[in-house]
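Dear colleague,

Please find below the structure that I am handing over to you.

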Amino acid sequence: MYKIATLNKISPVGLAKFTDNYSITDNVNEAAGILVRSQDMLTMDFSDELRSIARAGAGVNNIPLDRCAESGIAVFNTPGANANAVSELAVCGMLMAMRNVPAGIKWAETLKPNADMDVAKQVEKGKSRFAGNEVLGKTVGIVGFGAIGQRFANACLGLGMEVIGFNRSPKEIPGVKRYDDLKEMLSKCDIVSLNFPVNDSTKKMVNDDLFAAMKDGVIVLNFARDKIVNEADLLAALESGKVAKYVCDFPTDNMVGRENVILIPHLGASSEEAEDNCAIMAVNETREFLENGNLINSVNFPSLNMGDRGSKTRIAFMTKGLENPLTDIMSKIDVKADNFMAARREDGIAYVLVELADGAEAPAGLQADFIINTRIMK
């Protein structure tokens, strides 16, 4: 029986994918797996029982990836499961900004009939102050072409926009002109959409230097993470008019109540469909790892998939610092194997999966400085 802890509300549609061999527990210290959404786990202590953490979403900046790897805890995310929800909200945010919809709604809610003019006449008299622009024919620049960026690009193409993009990988998107120079791309955009993760190299990446490269009066959409933008530099860009509007799904102390800032309360992945999709994927990843030893969408160990083990016995080795982990592990164990696979990351973290032949016995616990963890699945 595997015990699973949930640190946030996880869709019951996803939890239903667990079999009778699993139970949900409130005690994190006895859990073999954890399902989490946005709860901060960076300072959390992990028990020796914990084998996996599955993030029901794409971003994993709330999980200590390196510490988990050193402890032999596999961390998974669910790339693409919420992409449609986020991209749809980004389109919504873009249209709201272009057409001044939030300001117009806020004004309309203050209207009251009076002796001189009813509400309909007040609307006709005052609506011109909220006149905006259409997106048709405008140029939108997309920074980052993951699952969300690609969907957003296709939606913009469908709206008749010119779509250009910057991506560190050589990925080509049909209909999108790709730029290798980010500043050159930014200089051509009426709208800029930020679609890349936050990490040590991207924190506050959108700063004075990049704002200076943008057109005057640009609209900036941030449905990625608040920390990729230097807020002090953004406020200066808003004050000067360099940025006409900033649309963000992550309200912060510095942004609340600001003119020309449209804040959405982190709704990007909060559709029912996205929550179901993320939970289903997170549960499937957890089961594949605990039952079969497969690493699918792991963000701190290399991917490896040996398929279903059936009635076979498998041994999983998590290692570090080996140049040839498969050779080194197989030379240390005297066992008959039907199948064996290994995968290694550039930082030396590796994973070796050995499937024993029928009748073969798993060897006694193998200890070595380069072995982080060993697990036997029967």
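A crossing is called left-handed if the near helix is turned anticlockwise from the far one by less than a right angle, and right-handed if clockwise. Helices (H or I, at least four residues) and strands (E, at least two) are DSSP runs numbered from the N terminus.

This is a predicted model, in which local features need pLDDT of at least 70 and side-chain atom pairs count only at pLDDT 80 or more, while totals for chains, interfaces and linings use all residues. Residues are numbered from 1 along each chain as its sequence is written, and side-chain values use heavy atoms, with hydrogens and water left out.

**Helix pair**

α3 (residues 83-98) passes α6 (residues 147-158) in a right-handed crossing. Their axes come within 8 Å and cross at roughly 45° (lines fitted to C-alpha atoms over the stretch in contact, with angles from 0 to 180 degrees between N-to-C directions). In contact (heavy atoms within 4.5 Å), A83, N84, V86, S87, A90, V91 and M94 of α3 meet A147, I148, R151, F152, A155 and C156 of α6. By class, this contact has 10 nonpolar, 2 polar and 1 charged residues (Ala, Val, Leu, Ile, Met, Phe, Trp, Tyr, Cys and Pro are nonpolar; Asp, Glu, Lys and Arg are charged; the others, Gly among them, are polar).

**Cavities**

On a 1 Å grid over the protein atoms alone, a cavity is a set of points where a 1.4 Å probe fits but cannot get out, and lining residues have an atom within 4 Å of a point. The structure holds 3 cavities of 30 Å³ or more. The lining of the largest cavity consists of R51, G72, F289, A316, M318, Y351, N373, T374 and R375. β16 (371-377) gives the largest share of that lining, 3 residues. By class, the lining has 4 nonpolar, 3 polar and 2 charged residues.

Yours sincerely

Key: On a 1 Å grid over the protein atoms alone, a cavity is a set of points where a 1.4 Å probe fits but cannot get out, and a pocket is an open set with protein on both sides within 12 Å along at least five of seven lines; lining residues have an atom within 4 Å of a point. Grid points are joined across faces, edges and corners, and a volume is the space filled by probe spheres set on the points.
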